[in-house]
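Dear colleague,

Please find below the structure that I am passing on to you. My notes on what was found in it follow directly after.

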Amino acid sequence: MTELINRTRRAEPRLEVAMAQMPVLGAIREKFAADAPLSGHRLALCGHVTVETAVQVLTLVALGAEVAWCASSASTTDSDVAELIRDRGVGVHGWRGMSEDDLLRGARDVLATWPEGPTLVLDEGAVLITALHQGPEDAPRPVLATEKTPDGLAALDRLAARTPLRFPIIKSDESFGKEAVDNPHGTAQSLLETILAVSGRLLAGKVFVIAGYGRVGAGLAERARGLGARVIVTEVRPTRALLAALDGYDVVPMAEAAPLGDFFCTVTGAPRVLRGAHLARMRSGAVLANGGHRPWEIDLDELDALTVRRRPSGPGSEWHVLADGRQLQLIGGGSIANLSAGRGNASEVMDVTFASQVLALQLVLPRVAGLVPGLHPLPPECDDFVAAAFARALGITLPAETPDLDAFTAVPVGGAR
Amino acid sequence: MSFRVTRPPAELVELGRAALDVARDQMPVLAGIRSEVAGTRPLQAQRVAGCVHLTKETGVLVELLVAAGAEVAWTGGDEVSTQDEVAAALAAEGVEVFGRRGMTTAEVEQAVTETLGAFQDGPTLLVDNGTRLIEAALSAPGTVPRLVAATEKTTEGCRRVREWAEQGRLRFPVVNVNDLVTKWEVDNTYGTGQSTVDGIVRATGVLLAGKRFVVVGFGQVGRGVALRARGMGARVVVCCRSARTAVRARLAGFPVLPPHEALVGADIVCTATGYPDVLTGEHLDALPGGAVLCNTGHSVTEINLADLAERTRETKRIRPHVQRHILHDGRHVDLLSGGGLINLDAAEGNPSEVMDITFANQALAVLDLAAGADRLAPGVHEVPAERDEDVARRKLAAMAVRIDAPTPEQLEVLTSGGHPGSLGERSGP
Ligand SMILES: NC(=O)c1ccc[n+]([C@@H]2O[C@H](COP(=O)([O-])OP(=O)(O)OC[C@H]3O[C@@H](n4cnc5c(N)ncnc54)[C@H](O)[C@@H]3O)[C@@H](O)[C@H]2O)c1
Ligand SMILES: NC(=O)c1ccc[n+]([C@@H]2O[C@H](COP(=O)([O-])OP(=O)(O)OC[C@H]3O[C@@H](n4cnc5c(N)ncnc54)[C@H](O)[C@@H]3O)[C@@H](O)[C@H]2O)c1
């Protein structure tokens, strides 16, 4: 018992800090909580059990929803946070060290929280939505769901090819927050921060090779240049390569960049961008990191084939000693570096992403009757709200005639089924 | 009276040819397309009527269309931008050219009508920039019995064409050659960003380092101006109308202030919004004495000139492109280029290298239309993303930049619909 109380106490200050750093979710609570637009709704949520998701959950509770939460990943669960949120009356299915089976069981348990099932679903990786398509056709269905990850949406595309989707699902992955805040600023900063912290190297004067000049890559390039690195970009898409060149970066094929780089970071989303032929030509001491979501951008099989010995090098990385004596430092085992070896995105950045998801449910709910089952884009008013709230949090004064946060009024609520 | 350019003086033709030579050297993408089509002459059966500012760069586009086999009639569609020497050189090559520098708005309209009527059976294709030709063709269908399709290069123009399509008035397909990364971003952000700062420096001769530089509007153009002014050491402040752009500008490191606050300490103010009355009397009242005012947005309406005139006691032309307004309260402000486009007036507009890309999109769209316009329904059509990539690929080749080809495995991932954002709105800081 005292153990439990201790845990709750341990997480409390962190929750407070996160709350203060997540002003967009704060604005949602401030604007809408009084009207309790989600009251009567049973909401099933799948997400990392972290203090930031806890702020999202508490926001949903403040909007009136009854929430049950399952962990989306076995490695990220913070048991103190889980305890703290349980303490506030939310069912949390997740603990540190749970297995993949435990994860799936957690998802099923969340859906079984209510005999009639959830009315709303906030998903990550399409875990809950997929499970809701496995039961009998006439099982109770939620009225609305949302999914935020590209992987989850890809899974839903595959699901839709096999069976008709049973309810409307809002895609909250392509959002203003992701496009303008998360990827070019949040992710770019957190990747660079991780690479520097783990490698402990000086960036000024070094050659920093970035594969992929997309949203993340462009932000990363600007930051690395700001710290004094000479940045080289590799691309496969001519338009993006042209923009990189016009932004003043050297653009070359990876085979030419490989022998020049001191640092390599892949942010393409594509498989095997750094392959054996590239690894074989790298300088000893080169640092390798992947910022893409899947651990396939650096070809780990080919790296292993070249490696004769591995040497630990402090937390978050490993030296690969190759047959000819060269050593390459691999960050986070080639998995998404800022999550596997760093602190992940700042709370301020997750605020924007999580707020889009909450709004995808809350602002769409009043007109859900008009939505056919299947995937739907995030409505622009969700982005407008996020931008207005974020601008206010940054202390930006907009001209009087610009619709700002005050333009959003609480919307009338469609009752729960 | 006709605005047809006939028997141009030999010296003018020489001047024009020299200007075209200079432009051609800096337009390698058009040169590449031209050499591809010169042998096959795919536009042989086509009569192309064009209405795009008649500059030396446009001249290079016209030459390409002629080399591809088309009969061409052209007009600039603008009161002041026609370069008479270029018009002369093109006319000497057999192009039907209408108009001259310094026309009234009514005369511009007449030149457009003449261009549309230049061919016996009317044009088969239109190359438009602001829907003057398209509009004329719609209101007098009898003049264009063989018209197959048109291209349109401006945002405003495409919006109008969409409206006509909805009203059922549009009888032919129109290809939108504006919403392309290689146009929208390269031309507006990099081209106009540079030429605007260039124009301000040429007109005023000021040192930018340390100056308080206010950019009003942070779209594609404003962002380019702001980044470049910062690069020259100016202290840049941005004014935005929407929360979304305000967040973008702030995260790119710019202070974002409402105009009445930003203008208080401004040394230089540049509007870049595309909307009228962005700077009105109340803003002018906030400016410190000595401020420089200019515009690089769509037209002369962004700075309200009537409000400025109302506050002006006397004006003096202190340098070419610079009009000093002494105000009733004794302050003075310097208006550049009469509030018109600073980069076109005080500098040379977009560099030829930029127009190379913009016009490559138009040339390829015309070639595509000639090859298969009959497959398009009346309405507005977007250029396929692959064309955008093609133009970028050609430009990279001209810059001697080489990139990776995706492996078959990567190509599958890239084309399986996973990355809609990567070609969309610009995200970089
Ligand atoms: N680390 C994080 O926290 C985090 C956050 C957001 C996104 N991501 C991931 O980062 C990756 C990039 O995201 P984005 O938003 O920048 O995507 P994006 O689509 O905007 O950019 C990816 C770029 O990579 C280029 N590319 C593809 N294959 C390539 C290859 N073989 N070589 C060189 N370039 C190649 C594409 O042309 C594109 O320009 C994705 O996998 C995304 O899921 C990670
Ligand atoms: N000078 C040139 O050679 C040249 C070249 C290209 C485009 N343009 C013109 O420049 C203008 C802007 O083009 P763009 O591509 O940047 O368009 P854009 O739509 O990307 O950007 C315009 C921005 O101005 C903002 N805005 C509108 N009214 C405002 C106000 N009152 N105060 C502050 N911000 C305001 C809008 O919110 C938007 O963000 C257009 O009219 C375009 O035709 C000029």
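How do the residues of the shell around ligand 1 divide into nonpolar, polar and charged? In this predicted model, eight of them are nonpolar, 14 are polar and four are charged.

Ligand 1 is located between chains A and B. It is surrounded by 26 residues, and A:Asn183, A:Val216, A:Glu235, A:His293 and A:Asn338 are the closest.

Several side chains of chain A make polar contacts with the ligand. For A:Glu235, a polar side-chain atom lies 2.6 Å from an oxygen atom of ligand 1. A:Arg237 likewise places a polar side-chain atom 3.1 Å from an oxygen atom of ligand 1. The side chain of A:Asn338 has an N or O atom 2.8 Å from a nitrogen atom of the ligand. On its own, ligand 1 has 850 Å² of accessible area, and the protein covers 95% of this.

As to secondary structure, the elements that give two or more residues to the shell come from both chains: helix H8 (176-199) and helix H9 (215-226) of chain A, and helix H17 (408-415) of chain B.

Finally, a record bears on this part of chain A. An unreviewed UniProt entry places the feature "domain: S-adenosyl-L-homocysteine hydrolase NAD binding" at residues 183-344 of chain A. Over residues 183-344, the chain is 35% helix and 23% strand, and the end C-alpha atoms are 12 Å apart.

With kind regards

Technical notes:
Residues numbered from 1 in each chain as written. Chains lettered and ligands numbered in written order. Predicted model: local features only at pLDDT ≥ 70, side-chain atom pairs only at ≥ 80, totals over all residues. Heavy atoms only, no water. UniProt positions renumbered as here; feature names shortened; annotations may be inferred. Helix = DSSP H or I, 4+ residues; strand = E, 2+ residues; numbered from the N terminus. Near = heavy atom within 4 Å. Polar contact = N/O pair within 3.5 Å; in protein donor to acceptor, adjacent residues only side chain to side chain. Areas by Shrake-Rupley, 256 points an atom, 1.4 Å probe, with all protein chains shown as cover. Nonpolar A, V, L, I, M, F, W, Y, C, P; charged D, E, K, R; others polar.
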